[in-house]
Amino acid sequence: MPDDTARARRRTGAGIALALTLVLGAVLAGERQEDDDTACAPRTVASWAPDDGLTSAFARYGDDGTRSDDWTGGDGTHSVRLPDGRLLWLFSDTFLGQVHRPPNPVGEAYAWRDVTAPLVRNSAVLAREGRPEATLAAPLFPDPVPGTWRWPVAARVEARSPGATERVLRVLLWVRRNAPYPWIYGEPLATEVATLSLPALRLESVATVLDQRHVGDLSRRLLFGTPLAEEEGWTYVFGGDDGRPASRPASHAYVARVPEGALADPAAWEFWNGSGWQTRARPAPVLGDGRRTGVGSAFTVTRDGGTYVLFTMAAGARGLTTVTAYWACAPTGPWHGPAGAFTPALPGPGTAAYNPQAHPELSRDGRLVLSYDVNRLETSSAAVMLGRNVSRYRPRFVTVRLGPPG
């Protein structure tokens, strides 16, 4: 069992260094579109506002002490609509246990949990229209071996195999293991795809689709995640490298595509190499210069008409507080930005925001729902401080409207 410091550092890493998934739609048969495509127009954040309803829904659910094996806080917030209308929320490092009413043991007016509360590497919460109702048995995805864990980073309902009528749930997973400094968030090992039955959500299998153990330079290892819709039979998946794991990197973004129904087949994955799609080529980055531009600790992509809009934490020190955006006419780029920066609310001093994620299943009336995670900046005391105030480790939500830059 790792000590509190190591656990806290890896928990913080569930989003601060590793969330780097993003959601994407599809383009015409994978062909690169240019900026003069009339269906594509520049887009960025025109306005934003807190979504107190969704934020409060998770706070109420986490504070409910009816069960001792329920979700009480987590990060790595992702969602997928199931065929029966339910919404499945997936989380990375998660606290279970029970939450106690204030005051906490040091007399502060915060709801709190014991420092002995169980911490699992992943969890899943079922909800209807954003209101959490039940936590599945956790962890949903067991650790491969001791010292190694799985973080869910995306999910998609698709055909069991290309052309099949039966639908299953595919969940993309990152595999990591304990590693010495500066890899305080764990050494990146592989991208996996889990298959779950519907509607029972029974875990059937886990397949490795991209093994990175052979890459000696850990900063060049790639992890992929978060598909969305497909067009003309392709699902697009983005990923990134870890950059400099102990700092605030501007990492590089990469893109792959997979035929619909084949996410769990490693032979079906194709990667953009800078000029075309290949199955075994080293992917070429589609965004990022390692300094001013690129993806931060996490990112997400959504469609607005013919335009792809990417949200990420800003490069550099602003990446602790500020969300920014890029736009493109194709997943392979060129990507324009950053622009449209905004700074959402944080739960007090000494905390950071990370892992902005789009939730199109809850978006309507021209408003896009985004979540972001929060955590303590000081990892050595995170386990204690997160227990003293449970609100410091729960997702928050905003709604944004997109419009032309400037």
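So, the largest nonpolar core: it has 19 residues, and the ones with the most contacts inside it are Leu-172, Phe-224, Val-237, Val-258 and Trp-269. By nonpolar core I mean buried Ala, Val, Leu, Ile, Met, Phe, Trp, Tyr and Cys residues joined through side-chain atoms within 4.5 Å. Buried is under 20% relative accessible area, exposed is over 50%, and partly exposed is in between, with a 1.4 Å probe and protein chains only. Strands E9 (148–159), E10 (167–177), E12 (203–211), E13 (222–225) and E16 (253–259) each give two or more residues to this core. Helices (H or I, at least four residues) and strands (E, at least two) are DSSP runs, numbered from the N terminus.

Quick caveat: this is a predicted model, where local features need pLDDT of at least 70 and side-chain atom pairs count only at pLDDT 80 or more, while totals for chains, interfaces and linings use all residues. Residues are numbered from 1 along each chain as its sequence is written, and side-chain values use heavy atoms, with hydrogens and water left out.

Back to Trp-269. Leaving aside neighbours within four places in sequence, its contacts (heavy atoms within 4.5 Å) include Leu-172, Val-193, Val-209, Phe-224 and Val-258.

Now look at Thr-191, in strand E11 (residues 187–196). Thr-191 is buried, at a relative accessible area of 0%. What does its side chain reach at 3.0 Å? The backbone nitrogen of Phe-224. Thr-191 also touches Leu-172, Trp-174 and Val-209, among others.

Next, the disulfide, meaning a pair of cysteine sulfur atoms within 2.5 Å. There's 1 in the structure: Cys-40 with Cys-329, sulfurs 2.1 Å apart. Cys-40 sits in the loop between helix H1 (4–13) and strand E1 (44–50), and Cys-329 in the loop between strands E21 (323–328) and E22 (336–342), so the pair ties together parts that are 289 residues apart in sequence. The S-S torsion is about -85°, so it's left-handed. Cys-40 is buried at 10% relative accessible area, and Cys-329 is buried at 1%.

Last stop, helix H2 (residues 52–63). Its 12 residues should span 16 Å at 1.5 Å a residue, and the end C-alpha atoms are 16 Å apart, which agrees; the expected span is 1.5 Å times one less than the number of residues. Which residues of H2 are buried? Leu-54, Ala-57, Phe-58, Tyr-61 and Gly-62. They cover an arc of only 125° around the axis, which puts them on the same side of H2; that arc is taken from the directions from the helix axis to the C-beta atoms. On the other side of H2, Asp-52 and Arg-60 are exposed.

Methods: Polar contact = N/O pair within 3.5 Å; in protein donor to acceptor, adjacent residues only side chain to side chain.
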